[in-house]
Amino acid sequence: MKIAVMGAGAVGCYYGAMLARAGHDVTLIGRAVHVDAMNRDGLLLDFGASQEYVAVTGSTDVASVSGAAMILFCVKSTDTVDAGQQIKPFLGKDTIILSLQNGVDNAERLCAVVGQPVIPVVVYVATSMGGPGHVKHHGRGELVMGPSSHSNVAADTLRPAHIPVEISDNADGALWAKMILNCAYNALSAIAQTPYGELVKQDGVWDVMRNAVDECLAVASACGVTVSGDVWGATEKIVETMPAQFSSTAQDLARGKPSEIDYLNGYIVRKGREFGIATPTNLTLHALTKLCESKSR
């Protein structure tokens, strides 16, 4: 299958590499520094204990999505609308579009822009970029996607590439569960520039995270969302499965890049105000992250 990855960051590069090594024709669209490295050497897929170069096509041209049967849409939430407008002229009427993004409303916003279905996908993977054209895998890798007429085809493409996929009737609840994990960890990891395992050793951190989670659950309930699973149990388990992981927000700030915090804790604050629900912990985490972000540029 011809597959395009829109947004060749850590998540896009990881899943693009897994699909390419399974034999698919993968084009990764991203920044020139990564594209040049991938076209010269291949994409370095680094599992820690082993590394391999995977043959992919890199491009800085959005028109490269043309002809793709499936698109993994992996841009930052802040870029959803703009990137959607860019790819729209090159989409086929049957192109399968998967939104592998943080936050809970990206698939809906992208669908409104491109005018065709977008499948929301919840991503559970720990990755980072180790340098140009070098993606590092730190743990996990499973996906949960919403049901659609194309979901089975997408899942049947991903699974043979050793990407676990679940199709869930409550994709919204799964998206919220993932966002709540991000609201608990991302800002704290970013503010302290500390990985999850070290973060929770500090007195009071678990209490802050618990307060953030409780506020998120209250807002989710007001939005009519049934959040999947044991959210607090999943929050506690993250430090076991991803102890060395820095949040994506921490990685953004370390590189002087804009973060997605407005679509994580910031989203909870906005929705809380809409429903008259106090969200002081999320407000504080959002404000402090924005302050750090302004100083990192």
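Guide: Happy to! Thr127 is buried, at 5% relative accessible area (buried is under 20%, exposed over 50%, partly exposed in between, with a 1.4 Å probe and protein chains only). This is a predicted model, where local features need pLDDT of at least 70, side-chain atom pairs count only at pLDDT 80 or more, and totals for chains, interfaces and linings use all residues. Residues are numbered from 1 along each chain as its sequence is written, and side-chain values use heavy atoms, with hydrogens and water left out.

Visitor: Thanks! Which strand is Thr127 in?

Guide: Thr127 sits in strand E8, residues 119–131. Strands (E, at least two residues) and helices (H or I, at least four) are DSSP runs numbered from the N terminus.

Visitor: And what is Thr127 in contact with?

Guide: Leaving aside neighbours within four places in sequence, the contacts of Thr127 include Tyr14, His137, His138 and Gln251. Contact means heavy atoms within 4.5 Å.

Visitor: Switching to Ile97, is that buried or exposed?

Guide: Ile97 counts as buried, because its relative accessibility is 2%. Ile97 belongs to strand E7, residues 96–99.

Visitor: Helices now. How do H6 and H9 cross?

Guide: The axes of H6 (residues 171–192) and H9 (residues 231–241) come within 10 Å and cross at roughly 50 degrees. Axes are lines fitted to C-alpha atoms, for helices over the stretch in contact, and angles run from 0 to 180 degrees between N-to-C directions. H6 and H9 are therefore oblique to each other (under 35 degrees is roughly parallel, over 145 roughly antiparallel, 65 to 115 roughly perpendicular, and the rest oblique).

Visitor: Which residues of H6 and H9 meet?

Guide: From H6, Ile180, Leu181, Ala184 and Tyr185 meet Val231, Ala234, Thr235, Ile238 and Val239 of H9. By class, that contact between H6 and H9 has 8 nonpolar, 1 polar and no charged residues. Here Ala, Val, Leu, Ile, Met, Phe, Trp, Tyr, Cys and Pro count as nonpolar, Asp, Glu, Lys and Arg as charged, and the others, Gly among them, as polar.

Visitor: What about H6 and H11?

Guide: The axes of H6 and H11 (residues 265–275) come within 9 Å and cross at roughly 115 degrees, so H6 and H11 are roughly perpendicular to each other.
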